Amino acid sequence: MKDLTPFRDLLLGADPRATKFKGAGGDSYTVWTPYSPDKTMSDNEQEDFTWHIQVDRFTKIDNDPIAEEIYNKLTEAGIPFEYNIDFEEDTGYIHHIYDCLY
């Protein structure tokens with residue numbers, strides 16, 4: 001399986017408090033979850049292995065600098081991702097969603 005340490009380190013460069021699977025909580029936090037491995041096979045041999053990883057940034061700050069830094073780090077690293085923003089009425093959080101292929 002593909003080593004996710006470089007992906008984790010990239011996120012920690014944007015948010016040193018980023019955690020895997022479960023958020024740290026507080027006013028703002030970042031959590032990342034690998035959720036679906038894909039492997040490409042050719043001639044009965046594995047050619048490539050890719051993870052789908054969702055990164056969630058929860059914040060109550062409009063124009064959150066860490067959300068922007070995550071976006072920039074993913075872009076600079078050439079990691080393909082889909083970006084969405086959701087406002088959660090019940091909690092008041094702005095939810096930045098980065099659905100990545102790594």
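Lys2 is placed over the face of Tyr102, 4.2 Å from the ring centre; a charge counts as sitting over a ring if NZ of Lys or CZ of Arg is within 6 Å of the ring centre and within 35 degrees of the ring normal. The model is predicted, so local features need pLDDT of at least 70 and side-chain atom pairs count only at pLDDT 80 or more, while totals for chains, interfaces and linings use all residues. Residues are numbered from 1 along each chain as its sequence is written, and side-chain values use heavy atoms, with hydrogens and water left out.

Tyr102 also takes part in an aromatic pair with Phe7: the ring centres are 5.3 Å apart and the planes stand at 55°, so this pair is tilted. Rings of Phe, Tyr and Trp (its six-membered ring) pair if their centres lie within 6.5 Å, with planes under 30 degrees apart called stacked, over 60 edge-to-face and the rest tilted. Phe7 belongs to helix H1 and Tyr102 to the segment after strand E5 (93-101), so the pair ties together parts 95 residues apart in sequence. Here helices (H or I, at least four residues) and strands (E, at least two) are DSSP runs, numbered from the N terminus. Phe7 counts as buried, at 1% relative accessibility, and so does Tyr102, at 17%; buried means under 20% relative accessible area, exposed over 50% and partly exposed in between (1.4 Å probe, protein chains only).

A further pair joins Tyr29 and Tyr93 edge-to-face, with 6.0 Å from centre to centre and 80° between the planes. Tyr29 lies in strand E2 (residues 29-42) and Tyr93 in strand E5, so parts 64 residues apart in sequence are tied together. Tyr29 is buried at 18% relative accessibility, and Tyr93 is buried at 12%. Elsewhere, ring pairs link Tyr71, Phe81, Tyr83 and Tyr98 into a cluster.

The axes of H1 (residues 5-14) and H2 (residues 65-76) come within 8 Å and cross at roughly 140°; axes are lines fitted to C-alpha atoms, for helices over the stretch in contact, and angles run from 0 to 180 degrees between N-to-C directions. In this contact (heavy atoms within 4.5 Å), Phe7, Leu10, Leu11, Gly13 and Ala14 of H1 meet Ile66, Glu69, Ile70, Lys73 and Leu74 of H2.
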